[in-house]
Amino acid sequence: MIEAFVAGSAGSGAPFAPAVPRPRLPGGLTTTVPREYVHRAALAEVFLTGWSPLDGDRCTVTAQWPRGHSFFAPVPVDGGRHYDSMLMAETIRQAGTLMSHACFGVPLDHPFLMWNLNFSVLPGSLKIGGFPADLRLDITCSDVSHRGKRLAGMRYTATVRVDGEVVATGGARFTCTSPAVYRRLRAGRTQVSRPPAPGLPVTPGLVGRSSPFDVVLSPTGEPGRWSLRNDLSHPVLFDHPVDHVPGMVLLEAARQAVHALDGTGRPLLLTSLDSTFEKYVEFDRPCWIEAEPVPSAPGIPGDTVRVTAHQDGEAVFTTTVTAMSRVPALQPA
């Protein structure tokens, strides 16, 4: 599960319901969507800017990426600066929660469980230019299920365009539930527990990072194997209190494992990611991250790595990641 999030008013834990704004698409002044709709506490971490009303099983969502970010920093590949592809994962995640609240009427206090998240980026299509990137996500919903009159879950796919050109595809699958059901699922673990002090970080340059503060892996002395380190003071990875390790932390651990397995310290640009979240990852027990190279799909440039997280002897998260250190020239349409 990628993350369960409950929106609440400061200090009370009571549901907080902002006035529902009208959908916004390009053509007027641009602001971000309500942060509660994308399960973020910090306005700076909201990347979505608008949405269209649901038309059958389709919806359009708009987003903007900053040219610089404190955590999703530009990737210097082939002498150019490229947007961090992990922004795509976060944008697709935010789109699902936005649609659930704004289009399907899911209450803000209902937790969400993400079971799968994937994306594939056209290499070289996300080079940073002179302005922030404005994205349009054309989304199709499927396998929509209800519990009574409430949305219980769905799958969605997205075609992502910048300036009218397709730059990526992706999607996700999630379920949502009531607070009472979530408390039963978590069996007394809904209170945020403090994890043990984070272990020593892997050398930042080996995992594509410049600061130890941003490193989520600790060395084990075994090739291709690390322990997950959680620092709840990190303002992006732990944007708000949670009762288990957020899915974006696991995705970042996978990204860092890919860099560590490469072992050269060179910048790597992720071009695809396909992740499955099997179980909650708890703070109070060790979580082991393991990575191994696997064959890339035919015709797909770059190196492919499978990353698996284990806790209590069980696989809790698996992802297959393709990354490259050089970007091939885009072919004309």
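**Entry 1: a strand pair.** I began with strands β12 (residues 288–294) and β13 (residues 303–311), which pair in the antiparallel sense over seven bridges. I then picked isoleucine 289 and looked for its bridge partner in β13. The partner is alanine 309. I note here that the model is predicted.

**Entry 2: the sheet.** Next I traced the strand order. The sheet is open and has 12 strands, in the order β1-β2-β6-β7-β8-β5-β11-β14-β13-β12-β10-β9. The pairing is antiparallel. Which strands sit at the edges? I found β1 (48–51) and β9 (217–219), each of which pairs on one side only. I also looked up the twist, which averages 25° from one strand to the next.

**Entry 3: a helix across the sheet.** I turned to α1, residues 86–102. This helix lies across β1, β2 (58–65), β5 (112–121), β6 (133–147), β7 (150–162), β8 (165–176) and β11 (269–277). Against β5, α1 runs at about 135°.

**Entry 4: two helices.** I then checked how α1 packs with α3 (residues 247–262). I wanted two values, because a packed pair is described by the angle between the axes and the distance between them. For α1 and α3 the angle is about 160°, and the axes are 11 Å apart. The cut-off for roughly antiparallel is over 145 degrees, so α1 is roughly antiparallel to α3. I logged the crossing of α1 and α3 as right-handed.

**Entry 5: the contact residues.** Which residues meet where α1 packs with α3? From α1 I listed Met86, Ala89 and Glu90. From α3 I listed Met248, Leu251, Glu252 and Arg255. I sorted the residues of this contact into four nonpolar, no polar and three charged.

Technical notes
Residues numbered from 1 in each chain as written. Predicted model: local features only at pLDDT ≥ 70, side-chain atom pairs only at ≥ 80, totals over all residues. Heavy atoms only, no water. Axes fitted to C-alpha atoms, helices over the stretch in contact; angles between N-to-C directions. Helix = DSSP H or I, 4+ residues; strand = E, 2+ residues; numbered from the N terminus. Parallel < 35°, antiparallel > 145°, perpendicular 65-115°, else oblique. Left-handed = near helix turned anticlockwise from the far one by under 90°. Contact = heavy atoms within 4.5 Å. Nonpolar A, V, L, I, M, F, W, Y, C, P; charged D, E, K, R; others polar. Pairing = 2+ DSSP bridges.
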